[in-house]
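Biologist: Hi! Could you walk me through this one before I set up my calculations?
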Amino acid sequence: MRFYNTLTRRLEEFREIEKGNVGLYTCGPTVYDYPHIGNYRSYVFEDLVKRVFLHSGYRVRHVMNITDIDDKTIRKANELGMPLAEVTQKYIDAFHADLRALNVLPADVYPRATEHIPEMLKLIAVLLEKGFAYVRDGSVYFSIERFKEYGRLANLDRASLKAGASAAVDADEYEKEAVQDFVLWKGRKPGEPSWPAPFGEGRPGWHIECSAMSMKYLGPHFDIHMGGVDNIFPHHENEIAQSEAANGQAFVNYWLHCQHLVIDNKKMSKSLGNFYTLGDLLGRGCDPMAVRYLLLSTHYRKLLNFTLEGLEMAGQALARVKNFVFSLKNVEAEGEADPELAAVIRASLAAFSASLADDFNVSGALGVMFDLIHEVNARLNALTRADAAAVLAWVERLNAVLGVLGEADAGPLEAEIEARIALRQQARLEKNFARADEIRAELKKQGIVLIDTPGGVKWKKE
RNA sequence: GGCGGCGUAGCCAAGUGGUAAGGCAGCGCUCUGCAAAAGCGCUAUUCAUCGGUUCAAAUCCGGUCGCCGCCUCCA
């Protein structure tokens, strides 16, 4: 398996630290609002990576942090006049509900920043002791000057950092030795939650939580760290600095970053109103599996242009797969399994895996999937039940990685549907097509689609 | 100013030196009471553009045009 490592800016063959195991850390949400569809592109991609490893036989230990203490969560709590913990819990619950809807496998641990203050304090203490950090007015800063590797991940050198062309460089309210230094611990300010610390009461900076929590759950040196491209600098750069400075060893072997998503070719922004949460889309009647399919179908290192039209197309593509599964389930011929078909299936599975193993080429993998669907469709009439079962097993195998075929939701009872179909058949025999169509339309309203075949009437859920 | 990315059919999107995958949409035919589904066939002499290297370029090199990201808390 090979993929692009941001750290080296090259495609690299994956080599795990501990045979058969993958330690995976993914930057989770800051829980001050509902995540938008762009956030979910990253989480769905991370889920794909994890599933590809699982598919390849690795055991994966996945940690995703929850940032429940920072400027934004504090501001939100103040705005709503609610306790911080109550506000963050609300968004944490919403986040997990969205992940379930998108069929994202849960992480093994979701550590919260507020529950790991001691670990962070310990890490800061080490950095102070080793001389990488300094205290100013009750705050603690990391001195990038003292970490010679600083800028390696983002491919920035100190000179260009000094140029500081970004408009976002704020005249920080805290005193630092150098503007580029970042805060590890923020001295207490009125109206903000704070924790006692040897260097003065305060709260943690953003970056330190990921270092402290990843170390705690994955050790000082682990395999893969992921996030959105915007995290490369400064967040991940700072994590590397903190962790390697403290531990005196390599932190993470592979850094993977998911490109952003734009909506109608424009950057998402609240002022443009082109902001979708998953809830917005589901409210429009969109299928969360179509959302997942769409988010997945563009290579992760390319900008994805999200449009409602694209979502529609994704839904149609998915319908093709579902129809295929439906056809297979209705195969009734008895007989032996065709060895030639079995070989075709094996080759297809190998090609599918190979495509994903090549820097997570989902488009290529989907192409492989549709090729086989086409091929099997062409010989559908010649299939036996044993053949169909083999193809269905193939679908299941692919879906274990793609995760785009959700379970069918509960609908009207089968017996009831069968009864309605019998009534319609009676009407058809009597050439009462108006009545027959009426029944078909009623069932359609309940999400049941009828298909007349030479072998009788079949039905399926939409 | 520094670093980096992208431009492939009506739309989405692979392919990165050997002669354009796949999906959606569309068209024709088969099947059908009508639908739906499915099948078969068709749909890019061409990969933003100009030039170069090569037996061979969407793929490599150089220029041009257009779009975008990062350079301290945005997935």
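Modeller: Happy to. A word on terms: two strands count as paired if DSSP finds at least two bridges between them, and helices (H or I, at least four residues) and strands (E, at least two) are DSSP runs numbered from the N terminus. This is a predicted model, where local features need pLDDT of at least 70, side-chain atom pairs count only at pLDDT 80 or more, and totals for chains, interfaces and linings use all residues. Residues are numbered from 1 along each chain as its sequence is written, chains are lettered from A and ligands numbered from 1 in the order in which they are written, and side-chain values use heavy atoms, with hydrogens and water left out.

Biologist: Thanks! How many bridges join E9 to E10?
Modeller: Six, and strand E9 (residues 222-228) runs parallel to E10. Gly228 has Cys258 in E10 as its bridge partner.

Biologist: What sheet do they belong to?
Modeller: An open sheet of four strands with parallel pairing, in the order E4-E3-E9-E10. Strand E4 (59-64) and strand E10 (252-258) are the edges, each pairing on one side only.

Biologist: And which strand does E1 pair with?
Modeller: Strand E1 (residues 2-5) pairs with strand E2 (residues 10-13), antiparallel, over four bridges. Arg2 stands opposite Glu13 in E2. The two strands make a hairpin with four residues between them, and Arg9 in the turn has a positive phi of about 55°.

Biologist: Switching topic: which domains does chain A have?
Modeller: Domain 1 (2-258), domain 2 (278-402) and domain 3 (414-461); such bounds come from an automatic or database domain assignment. The centres of domain 2 and domain 3, taken over C-alpha atoms, are 28 Å apart. Each of these two gives four residues to their contact, meaning heavy atoms within 4.5 Å.

Biologist: How many cavities of 30 Å³ or more are there?
Modeller: Five. A cavity here is a set of points, on a 1 Å grid over the protein atoms alone, where a 1.4 Å probe fits but cannot get out; lining residues have an atom within 4 Å of a point. Grid points are joined across faces, edges and corners, and volume is the space filled by probe spheres set on the points. The largest cavity has about 70 Å³.

Biologist: What lines the largest cavity?
Modeller: Its lining includes Arg41, Phe45, Leu48, Cys258, Leu295 and Tyr300. Helix H1 (37-55) and helix H9 (288-297) each give two or more residues, and H1 gives the most, with three.

Biologist: Where does the largest cavity lie?
Modeller: Domain 1 and domain 2 both give residues to the lining, so the largest cavity lies between them.

How values were computed. On a 1 Å grid over the protein atoms alone, a cavity is a set of points where a 1.4 Å probe fits but cannot get out, and a pocket is an open set with protein on both sides within 12 Å along at least five of seven lines; lining residues have an atom within 4 Å of a point.
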